[in-house]
Amino acid sequence: MELEVDIYSYYDYRDFIHDYYENRKLKNKRFSLQAFGLRVGHSKMSVKYVIDKKRHLSLESLREYAKVMDLHGCQGDHFELLFRFCKAKNNEEKNILFSKVLKSTNKKFKSKFLDENSLDYFSKWYYPVIAELSYVEGFSLDTEVIRKALNFSVSYKEINEALEFLKENNFLKDSGSYDQMIKVPDELRSFIYKNYVLKTIELSKLAVEKLPPEKRESFNLTVSLSNERYEIAKKMIQSFRHELHQVLANDEESDRVIQVNLHMFEVANIQKTGRGDETI
């Protein structure tokens, strides 16, 4: 049977099982949880617990599901890889398996490293935003359309200058660019890039003031910790940043552009205060 759900678009094997079941039920109303359970050798409640993400399958049961759902060869291997990813016991193992999942999807995103000429990509906060807008399906790269789409004020002149730069350096989908991840070489992480980060932080402040709650998400955490835990937190954020980029970059039906700012920094260090010093 030809599947109408693509195993390679999933990151949790239980989501795939859920959508497979819903797809089969749409085609055949007699295909119930009980019928599905009989095929895989489970009760209907066991199947329900799995598709509701209340339970995991065993590896042996997973392979029975794969047979029933006609997942063979590379599809079967990917299904098992998703299973291992979902059941990873620690962050390190999860990161390794996530990389394998992405590689298995065969969705290639080339890395575009900025050089001294194209580093102006980060000179304005709206340059990357307009570049991403070009990937939104059906979106017109018209100055007026772009200006109305932006949630923050940008002049017509600034938008036209941005379009000229982005077209010249092939950052726009319509200008012959490929699916790409923009990367800055370590030696070029200069004032320009730092200034861009500062601008996006200012933009975050405006977002809190201007945008309604459904269009933004904020997270704040203040906690004391050792240097060892601090280094662990840094690595987790770095890993999360890469994972988030990979997951979001796989979305082929975009309808908006978002800005994600996640900052962790030291606000106090006991080693910097002596006895009798005032609290900072």
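Analyst: Happy to! K53 counts as partly exposed, because its relative accessibility is 40%. Buried means under 20% relative accessible area, exposed means over 50%, and partly exposed lies in between (1.4 Å probe, protein chains only).

User: What kind of model is this, and how are residues numbered?

Analyst: This is a predicted model: local features need pLDDT of at least 70, side-chain atom pairs count only at pLDDT 80 or more, and totals for chains, interfaces and linings use all residues. Residues are numbered from 1 along each chain as its sequence is written, and side-chain values use heavy atoms, with hydrogens and water left out.

User: Thanks! Where is K53, and what is its phi near?

Analyst: K53 is in the loop between α3 and α4. Helices (H or I, at least four residues) and strands (E, at least two) are DSSP runs, numbered from the N terminus. The phi of K53 is near 65 degrees, which is positive in a residue other than glycine.

User: Which other residue has a positive phi although it is not a glycine?

Analyst: N170, with a phi of about 55 degrees. N170 is in the loop between α9 (156-168) and β2 (180-183), and with a relative accessible area of 37% it is partly exposed.

User: OK, on to helices. Which residues of α2 are buried?

Analyst: In helix α2 (residues 33-40), L33, F36, G37 and V40 are buried. They lie on the same side of α2, because they cover an arc of only 100 degrees around the axis. The arc is that of the directions from the helix axis to the C-beta atoms.

User: Why would residues a few places apart point the same way?

Analyst: An α-helix has 3.6 residues a turn, so residues three or four places apart point the same way.

User: And what covers the buried residues of α2?

Analyst: The cover includes α1, α3 (44-51) and α4 (59-68). After α2 comes G41, with a positive phi near 80 degrees.

User: At what angle do α2 and α3 pack?

Analyst: About 95 degrees, with their axes 8 Å apart. That makes α2 roughly perpendicular to α3. Angles under 35 degrees count as roughly parallel, over 145 as roughly antiparallel, 65 to 115 as roughly perpendicular and the rest as oblique. The axes are lines fitted to C-alpha atoms, for helices over the stretch in contact, and angles run from 0 to 180 degrees between N-to-C directions.

User: Which residues meet there?

Analyst: From α2, L33, Q34, F36, G37 and V40 meet K44, V47, K48 and I51 of α3. Contact means heavy atoms within 4.5 Å. By class, this contact has 5 nonpolar, 2 polar and 2 charged residues. Ala, Val, Leu, Ile, Met, Phe, Trp, Tyr, Cys and Pro count as nonpolar, Asp, Glu, Lys and Arg as charged, and the others, Gly among them, as polar.

User: How do the axes of α1 and α5 cross?

Analyst: The axes of α1 (residues 13-27) and α5 (residues 73-86) come within 8 Å and cross at roughly 130 degrees, which makes α1 oblique to α5. Y13, F16 and I17 in α1 meet F79, L82, F83 and C86 in α5. That contact has 7 nonpolar, no polar and no charged residues.

User: New topic: how many disulfides are there?

Analyst: A search of the whole structure finds 0 disulfides, a disulfide being a pair of cysteine sulfur atoms within 2.5 Å.

User: Is C86 buried or exposed?

Analyst: C86 counts as buried, at 16% relative accessibility, whereas C74 counts as exposed at 58%.
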